Structures are given as C-alpha cells and as structure tokens.
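This briefing goes through one protein chain, topic by topic. Keep the sequence and the 3D view open while reading.

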Amino acid sequence: MRSPRERAFWSVLALVLLAAAVAAWWTADQWLPQAGPWTEQAWRKVTRPGPESLPPGKQPAVGQARGARGSASEPLAPEPRKCVKDGRTIYTDQPCPKGTQELPVDGAVTSLPRAQ
C-alpha cells in the first residue's frame, strides 16, 4: 500500500499530464504546422534508419546510397531555385526566367498550392 503523500504525488502528476495532453490537443492547430514536419522526419529517422546506421562492411557505395533513397514508385522532387530580380524573389522548380539572377536557396522551402 502506498502512503498518502505518495498517492497524492502520483495523482497530481497524472492530473498535470492529463492537463498537458488536453492543452496540446486544444491548441494543435497553432503548433502542429510547425512541429509536424519535424516530428515526421524524426519518426522516419527512428523507424527507418539510413545506410549510415549499417555496420562499416555493409554500407553501400556513395553512388548507390543516393539511388537507394528514391524508388520507382517515388519520383524525386525537383530542387527549388531562388530567382531574384529588382529585389523581388521567386522560388520555382523550373529554370529561372530571363533577366533574373539565380541564387542559392538558404534553408528549407515550403510550397503551398496555388490559389484558384
């Protein structure tokens, strides 16, 4: 049997965890768009480790590792390009239009569907 102080501690801890879960569920629309991609990436890393996690004798050659990431059913996404003209920036997956300067893309690029 647990002492009254121990029961009180575990009850308070359970109540705090329940309150945190309710608060997270209630505010999910605010934090999930930012945390969602990170959690998906972390989950993929944990559940499907890449070739770097294999023992040294079993690692594929450098050229084979890149080809192993994409399969025939998953086409590789085109690399984004950053095109700048007169201080205006355009991100595209096509070659930059004439008259624009192509610059390296810093960080991640999030794409949204075009409004109809």
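Apart from its neighbours within four places in sequence, R2 is in contact with R7 and W10, where contact means heavy atoms within 4.5 Å. The model is predicted: local features need pLDDT of at least 70, side-chain atom pairs count only at pLDDT 80 or more, and totals for chains, interfaces and linings use all residues. Residues are numbered from 1 along each chain as its sequence is written, and side-chain values use heavy atoms, with hydrogens and water left out.

**The chain as a whole**

- The chain has three helices and three strands; helices (H or I, at least four residues) and strands (E, at least two) are DSSP runs, numbered from the N terminus.
- Along the sequence, these elements follow the pattern α-α-α-β-β-β.
- Of the 116 residues, 6% count as buried; buried means under 20% relative accessible area, exposed means over 50%, and partly exposed lies in between (1.4 Å probe, protein chains only).
- The accessible surface of the chain is about 10900 Å², and 60% of that belongs to carbon and sulfur atoms; such areas come from the Shrake-Rupley method with a 1.4 Å probe, and for residues only the protein chains shown count as cover.
- Among contacts between residues at least 6 apart in sequence, 8% join residues at least 24 apart.

**Salt bridges**

- Side chains of opposite charge can pair when their charged atoms come close.
- The structure holds two salt bridges, each defined as a side-chain nitrogen of Lys or Arg within 4 Å of a carboxyl oxygen of Asp or Glu.
- One of them joins E6 and R2, with the closest N and O atoms 3.4 Å apart.
- R2 lies in the segment before α1.
- R2 counts as partly exposed because its relative accessibility is 48%, and E6 is partly exposed because its value is 32%.
- R81 and E102 also meet through their side chains in a salt bridge, at 3.4 Å from N to O.
- This pair links distant parts of the chain, since R81 is in strand β1 (residues 81–85) and E102 is in strand β3 (residues 101–103), 21 residues apart.
- R81 has a relative accessible area of 29%, so it is partly exposed; E102 has 44%, so it is partly exposed.

**Helices α1 and α2**

- Two packed helices are described by the angle between their axes and the distance between the axes.
- Helix α1 and helix α2 (residues 28–47) pack at an angle of about 80°, with their axes 6 Å apart; axes are lines fitted to C-alpha atoms, for helices over the stretch in contact, and angles run from 0 to 180 degrees between N-to-C directions.
- The two helices α1 and α2 are therefore roughly perpendicular, a label for angles of 65 to 115 degrees.
- A24, W25 and W26 of α1 make the contact with A28, D29 and W31 of α2.

**A nonpolar patch**

- On the surface, F9, W10, L13 and L17 form a nonpolar patch with about 420 Å² of accessible area together.
- Patches are made of residues with over 30% relative accessible area and no salt bridge; like charges are joined within 9 Å, and nonpolar side chains (Val, Leu, Ile, Met, Phe, Trp, Tyr) within 5 Å.
- L13 is in helix α1 (residues 4–26) and is partly exposed because its relative accessibility is 32%.

**T89 in strand β2**

- T89 is in strand β2 (residues 88–92) and counts as partly exposed because its relative accessibility is 37%.
- Leaving aside neighbours within four places in sequence, T89 is in contact with K82, C83 and V84.

Notes:
Parallel < 35°, antiparallel > 145°, perpendicular 65-115°, else oblique.
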